[in-house]
Amino acid sequence: MGDYVRQMPHHGSADLARRPSAFARFHIDLPLLVLLLILTGYGLFVLYSASGQSMGAVIRQGRYFAVAYVIMIVGAQFSLQRYTRWAPWLYLGGVAMLVGVMFFGVGAKGAQRWLQIGGFRFQPSEVMKLVVPMAVAWYLADRPLSPRFRDILVALVLVAIPFLLILQQPDLGTSLLIASSGLFVLFVAGIGWRYILGAVVLALASAWPAWMFVLKDYQKQRILTLLNPESDKLGAGWNIIQSKTAIGSGGWTGKGWLEGTQSQLDFLPESHTDFIIAVLAEEHGLRGVAVLLAIYVLILLRGFWIGVNAQTSFGRMMAGSLTLTFFVYIFVNMGMVAGLLPVVGVPLPLVSAGGTSVVTLMAGFGILMAVSTERKLVIR
């Protein structure tokens with residue numbers, strides 16, 4: 001499918017040395033694939049305990065993983081040139097769907113975030129986690145790097161439109177993740193430090209106006225609960241108190257698989273989704289968390305390696321943004337479970353139960369594999 005660079009064949013041993021592996025021919029980055037298989041397998045192991053020993057939950061999540069892997073492999077087959085051509089149209093389509101959510105969206109739990117077509121319901125904001133960085137990278141790819149001030153403004157507009165639309169749903173957590181993914185493209189593109197420092201100053205200066213005029217009451221409550229969870233032990237502070245109790249009681253070795261009291265006795269809410277790492281910490285201790293962190297670090301390092309070795313500006317910006325966004329998922333989830341960040345409903349990537357986030361993340365890894373194998377084919 002891809003428009004890949006052709007290399008002239010060589011003779012003898014040199015030709016054999018340059019011959020691509022079977023995985024490269026299918027545009028699969030083998031180290032990344034192995035790490036993802038290990039991570040998803042570990043996630044199913046933890047999920048069995050976190051879901052109350054439900055094989056049904058494990059099988060359902062396994063099906064999500066199977067679909068996600070297929071999507072990842074299919075996505076890896078397309079060349080970066082095709083992603084570049086599709087980027088503006090995907091962006092326009094995504095924005096149109098977000099506008100559609102405002103008028104025709106399906107609501108649940110006080111939020112209107114879904115579109116329903118026939119019997120199929122989906123969340124357009126999840127698609128934008130990939131489309132926004134792709135659109136920003138498309139815009140900057142053919143322009144001088146580091147970006148000029150005018151190009152930075154256009155990129156910020158591309159980020160701001162979906163950010164504001166998703167913020168209205170309301171979905172602060174997702175809107176911030178999407179904004180981060182687009183801003184990471186600017187960072188990888190080599191934006192000047194004066195712009196970064198200016199953005200930090202602007203963010204600090206806008207904190208009070210945002211608190212007064214932007215944040216809703218429940219969002220303010222989450223921040224206040226973070227600062228003092230004991231102020232409402234049986235209400236807003238319950239989640240953080242129970243998660244910290246579970247993490248602290250695990251110690252170094254943990255209480256043993258299926259032996260966690262906070263999770264198995266249902267003291268820990270959302271134990272199979274947002275707070276699943278608290279289950280891991282309680283039952284397997286710091287050792288179990290360290291294993292998970294090691295897997296995550298290796299995936300991040302592989303993503304950065306792919307970005308550094310990318311052959312095009314578009315590939316480098318996409319790889320950097322996707323990898324940094326994956327890091328933000330990990331950091332935000334672990335931070336909120338440990339009581340260091342407000343609870344914003346961000347799942348632990350490829351470990352928490354759920355289908356939409358898994359498919360989105362694996363589609364991103366498919367693009368990462370497309371970047372990795374872009375110029376590794378030898379066509380004889």
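## Exercises on a predicted model

Leucine 258 sits in the loop between α12 (238-250) and α13 (261-264). The model you are looking at is predicted, and the exercises below walk you through some of its features.

**Exercise 1. Get an overview of the chain: how many helices and strands does the chain have, and what share of its residues is buried?**

Step 1: Start with the secondary structure. The chain holds 16 helices and three strands.

Step 2: Turn to burial. Of the 380 residues in the chain, 48% are buried.

Step 3: Finish with the contacts. Among contacts with a separation of 6 or more, 72% are between residues 24 or more positions apart.

**Exercise 2. Inspect the peptide bond between leucine 145 and serine 146: is it cis or trans?**

Step 1: Most peptide bonds are trans.

Step 2: Read the angle. Omega is about 10 degrees between leucine 145 and serine 146, and the bond is cis.

Step 3: Serine 146 is part of the loop between α6 (124-141) and α7 (149-167).

**Exercise 3. Find the partner of arginine 302: which residue meets its side chain in a salt bridge?**

Step 1: Begin with the idea. Side chains of opposite charge can pair when their charged atoms come close.

Step 2: Count the salt bridges. The whole structure contains five.

Step 3: Identify the pair. Arginine 302 meets aspartate 29, with 2.6 Å from N to O.

Step 4: Locate both ends. Arginine 302 is in helix α14 (residues 276-308), while aspartate 29 is in the loop between α2 (22-25) and α3, so the pair ties together parts that are 273 residues apart in sequence.

Step 5: Judge burial. Arginine 302 is buried at 17% relative accessibility, and aspartate 29 is buried at 3%.

**Exercise 4. Study two further salt bridges: which residues pair with lysine 129 and arginine 148?**

Step 1: Take lysine 129. Its partner is glutamate 126, and the closest N and O atoms are 3.0 Å apart.

Step 2: Relate the pair to the helix. Lysine 129 and glutamate 126 are separated by about one helical turn because they are three residues apart in helix α6. Lysine 129 is buried at 9% relative accessibility, and glutamate 126 is buried at 8%.

Step 3: Take arginine 148. This residue forms a salt bridge with aspartate 151, with the closest N and O atoms 3.3 Å apart. Arginine 148 is partly exposed at 39%, whereas aspartate 151 is buried at 1%.

Step 4: Widen the view. Salt bridges with shared partners join Arg143, Arg148 and Asp151 into one network.

Definitions and conventions: Residues are numbered from 1 along each chain as its sequence is written. This is a predicted model: local features need pLDDT of at least 70, side-chain atom pairs count only at pLDDT 80 or more; totals for chains, interfaces and linings use all residues. Side-chain values use heavy atoms; hydrogens and water are left out. Helices (H or I, at least four residues) and strands (E, at least two) are DSSP runs, numbered from the N terminus. A salt bridge is a side-chain nitrogen of Lys or Arg within 4 Å of a carboxyl oxygen of Asp or Glu. Buried means under 20% relative accessible area, exposed over 50%, partly exposed in between (1.4 Å probe, protein chains only). Contact means heavy atoms within 4.5 Å.
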